[in-house]
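I opened this model to look up a few positions and note what the coordinates give. The entries follow in the order I made them.

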Amino acid sequence: MTNVYSLDGLLVFGLLLVCTCAYLRKVPRLRTWLLSERRGIWGVCHKAAVIGTRLHVAVSVSCLLMAFYVLVGK
């Protein structure tokens, strides 16, 4: 099990945040409700969604590599 206080846990948390926010950006009602604000904690979600949609290939490859590392490497 990974925890947030290790580098592995931080990478997993960051990847999950980016993937979740990018997915929520595709849903029209959630996009206007959650990701319209650009300041505060919702601003972090907005920026993660932008990263997830613009770098979708790199994020998906990173998710696959991290999943392989967590399942096999640890």
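I started with Tyr23 and located it in helix α1, which covers residues 7-26. The model is a predicted one.

Next I checked Tyr23 against Ala49. The two are 26 residues apart in sequence, and their C-alpha atoms are 7.7 Å apart in space.

Ala49 came up again when I looked up the largest nonpolar core. I listed six residues for this core: Val18, Cys21, Cys45, Ala48, Ala49 and Val59. Helix α3 gives the largest share, with three residues.

I then turned to the record. UniProt, in an unreviewed entry, places a "transmembrane region" at residues 48-72. I took the geometry of residues 48-72 from the model: the end C-alpha atoms lie 27 Å apart, and the span is 96% helix and 0% strand.

My last entry is Asp8, also a residue of helix α1. Is Asp8 buried or exposed? Its relative accessible area is 18%, and buried means under 20%, so Asp8 goes down as buried. I also looked up which residues Asp8 contacts, leaving aside neighbours within four places in sequence. I found Tyr69 and Lys74.

Conventions: Residues are numbered from 1 along each chain as its sequence is written. This is a predicted model: local features need pLDDT of at least 70, side-chain atom pairs count only at pLDDT 80 or more; totals for chains, interfaces and linings use all residues. Side-chain values use heavy atoms; hydrogens and water are left out. Helices (H or I, at least four residues) and strands (E, at least two) are DSSP runs, numbered from the N terminus. A nonpolar core is a set of buried Ala, Val, Leu, Ile, Met, Phe, Trp, Tyr and Cys residues joined through side-chain atoms within 4.5 Å. Buried means under 20% relative accessible area, exposed over 50%, partly exposed in between (1.4 Å probe, protein chains only). UniProt positions are given in the numbering used here, feature names are shortened, and annotations may be inferred rather than shown by experiment. Contact means heavy atoms within 4.5 Å.
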